[in-house]
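Me: I have a new structure to read. Please walk me through it, feature by feature.

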Amino acid sequence: MTAAELTVDPDLELVRRAQAGDTQAFGELVERNRRAVFRAALAAVGSVTEADDVAQEAFVTAFQKLHGFRGEAAFRTWLLSITWRKAIDRRKSVTRWLQRVVAPAGEGEERDPMQTLASGARSPEEDLLTSDLQRQLKPLIAALPKKLRDALLLAVSGDHSYEEIGQMLKIPVGTVKWRVSEARKVLRQKMSAMGYSNVR
């Protein structure tokens, strides 16, 4: 294994050890990638409980298919693609997901999935995220076309690069950037029409 390969994919050495039967190495891969996998699942299913389930399924599947991993993409990118497919399978229908996102968090929900908008680098939108604004934003985000909503929620989680999002959604990076930008533009326009003129 060369230094160049490890620079491209810092997980590669652990992957090779895990492929050789080292279960501890796979455990380290899980720890390294747990947050990114969870946040990708959460962006898709909108429920902390279901995102946990999706993450577990994704790691089990990755373990089962690990011998088929050839390193054509980074391990994390490969793992996130598995996660996204599992999450979309779980998201039975857009309507069911939208109802879950818009409805108030039930008992056992550790946090509202829309609060992922407040993570990562602060923006003018995040500075304005009062309780009232969050209530206003929830249905607006839920009403976005699925393609825009998925790209936006993945991007604002702060855990995924545009390249990784492109791999998960199977679209070019330029398309990811456009969808995120378009989603923000639509939200700004709707918020402005509701009197939130400071949203930029």
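The dialogue below goes from the model itself to its helices, its core and a few residues.

Me: What kind of model is this, and how are residues numbered?

Reply: This is a predicted model, in which local features need pLDDT of at least 70, side-chain atom pairs count only at pLDDT 80 or more, and totals for chains, interfaces and linings use all residues. Residues are numbered from 1 along each chain as its sequence is written, and side-chain values use heavy atoms, with hydrogens and water left out.

Me: What average pLDDT does the chain have?

Reply: pLDDT is the predictor's confidence in each residue, from 0 to 100. Here the chain averages 77, and 72% of the residues score at least 70. Take care with residues 101–130: pLDDT stays under 50 there. The model has 52 contacts beyond four places in sequence for that stretch. Contact means heavy atoms within 4.5 Å.

Me: How many helices and strands does the chain have?

Reply: Both are DSSP runs numbered from the N terminus: helices are H or I with at least four residues, strands are E with at least two. This chain has eleven helices and zero strands. As for contacts with a separation of 6 or more, 67% join residues 24 or more positions apart.

Me: What share of the residues is buried?

Reply: Buried means under 20% relative accessible area, exposed over 50%, and partly exposed in between (1.4 Å probe, protein chains only). Of the 200 residues, 45% count as buried.

Me: Which residues have the most contacts inside the largest nonpolar core?

Reply: A nonpolar core is a set of buried Ala, Val, Leu, Ile, Met, Phe, Trp, Tyr and Cys residues joined through side-chain atoms within 4.5 Å. The largest one here has 53 residues, and Phe-75 and Leu-154 have the most contacts inside it. Elements giving two or more residues to this core include α3 (23–45), α5 (75–90) and α9 (146–156). The largest share, 13 residues, comes from α3.

Me: Which residues does Leu-154 contact?

Reply: Leave aside neighbours within four places in sequence. Leu-154 then touches Ala-40, Ala-43, Trp-84, His-160, Ile-165, Met-168 and Leu-169.

Me: What span should α5 have?

Reply: The expected span of a helix is 1.5 Å times one less than its number of residues. The 16 residues of α5 should therefore span 22 Å. Its end C-alpha atoms are 23 Å apart, which agrees.

Me: Which residues of α5 are buried, and what covers them?

Reply: Among them are Phe-75, Trp-78, Leu-79, Ile-82 and Trp-84. Their cover includes α2, α3, α4, α9 and α10.

Me: How many aromatic pairs are there?

Reply: Rings of Phe, Tyr and Trp (its six-membered ring) pair if their centres lie within 6.5 Å; planes under 30 degrees apart count as stacked, over 60 as edge-to-face and the rest as tilted. The whole structure has four such pairs. Phe-69 and Phe-75 pair edge-to-face, 5.8 Å centre to centre with 85 degrees between the planes. Phe-69 and Trp-78 form a tilted pair, at 5.1 Å and 55 degrees. Phe-69, Phe-75 and Trp-78 make one aromatic cluster.

Me: Why does Phe-69 count as buried?

Reply: Phe-69 counts as buried because its relative accessibility is 3%.

Me: Where is Ala-74 found?

Reply: Ala-74 is in the loop between α4 and α5. Its relative accessible area is 22%, so Ala-74 is partly exposed. Beyond four places in sequence, Ala-74 contacts Asp-9 and Phe-69. Leu-12 is 62 residues from Ala-74 along the chain, yet their C-alpha atoms are separated by 7.9 Å.
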